[in-house]
Amino acid sequence: VLRETMRLSRLVNDMLELSRLQSGTASLQRSVFAPLPLLNLIHETYSAYAEDYQQTFVYDIPETLPNVTGNPDRTQQVLIALLDNAFKYTPEGGTVTLSACIEDDVVRIRVIDTGVGIPAQDLPHVFDRFYKVDKSHHSKGTGLGLAIAQAIVQAHHGKIWAESRDGRNTFHVELPLRTGREKHQETSEKGI
């Protein structure tokens, strides 16, 4: 009973959060922040996790990532959702990669895994509410993690999408770089 109560509580909380994000009532203060410290913290956390589960965690992040516009806590929430899924569906001996690069006016972060490939017919639905690719297993999640991640990224005016080729899943997250307008606003607020 306790386990089911906790599961229902998580489900209700996730539904409420998704509803607030999609209606625009969720608190999502956007600011300019450096993504590197956040990515380094995530690397530290998941390196220990990968070791415990005999998986390889590849961290391919340049030391010169520029500042992005968004909410650091919510960005961390998105990356944790993607990495949790990647590690959950990657078998022992598999590899999960976290990488980033600068492309045009965005920082693109990728989470790549060598786990269970996502069938082509499922790819358009992976961000839908309650959608689970592996319907034969009852996972602990609510089926809302990727839907919430998508809503957060869209609230950042970014993009998120998935690809699957040859048993490798890649989730892309694009966050907008700091724009000239934001630089001007920041300078005006400081009175410079």
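I take a cavity to be a set of points, on a 1 Å grid over the protein atoms alone, where a 1.4 Å probe fits but cannot get out. Grid points are joined across faces, edges and corners, and a volume is the space filled by probe spheres set on the points.

Ground rules come next. I am working on a predicted model, where local features need pLDDT of at least 70, side-chain atom pairs count only at pLDDT 80 or more, and totals for chains, interfaces and linings use all residues. Residues are numbered from 1 along each chain as its sequence is written, and side-chain values use heavy atoms, with hydrogens and water left out.

**Entry: the cavity**

I searched for cavities of 30 Å³ or more and found one. The largest cavity has a volume of about 40 Å³. I then listed its lining residues (those with an atom within 4 Å of a point). They are Thr75, Val78, Ile152, Val153, His156, Val173 and Leu175. Two or more of the lining residues come from each of α3 (72–88), α4 (145–155) and β7 (168–176). I sorted the lining by type: five residues are nonpolar, two are polar and none is charged. Here Ala, Val, Leu, Ile, Met, Phe, Trp, Tyr, Cys and Pro count as nonpolar, Asp, Glu, Lys and Arg as charged, and the others, Gly among them, as polar.

**Entry: the overall layout**

I counted five helices and seven strands. Both are DSSP runs numbered from the N terminus: helices are H or I with at least four residues, strands E with at least two. Read from the N terminus, the order is α-β-α-β-β-α-β-β-α-β-β-α.

**Entry: strand β5**

How many residues of strand β5 (residues 106–113) are buried? Eight of the eight are, so the strand is largely enclosed by the rest of the structure. I looked at each face. Val106, Arg108, Arg110 and Ile112 are buried on one side, and Val107, Ile109, Val111 and Asp113 on the other.

Next I looked up its partners; two strands pair if DSSP finds at least two bridges between them. β4 (residues 95–103) pairs with β5 in the antiparallel sense over eight bridges. In that pair, Thr97 stands opposite Ile112. The β4 and β5 hairpin has two residues between the strands, and Asp104 takes a positive phi near 55° there. β5 also pairs with β7, antiparallel, over eight bridges. Val111 has Phe171 of β7 as its bridge partner.

How values were computed. On a 1 Å grid over the protein atoms alone, a cavity is a set of points where a 1.4 Å probe fits but cannot get out, and a pocket is an open set with protein on both sides within 12 Å along at least five of seven lines; lining residues have an atom within 4 Å of a point. Buried means under 20% relative accessible area, exposed over 50%, partly exposed in between (1.4 Å probe, protein chains only).
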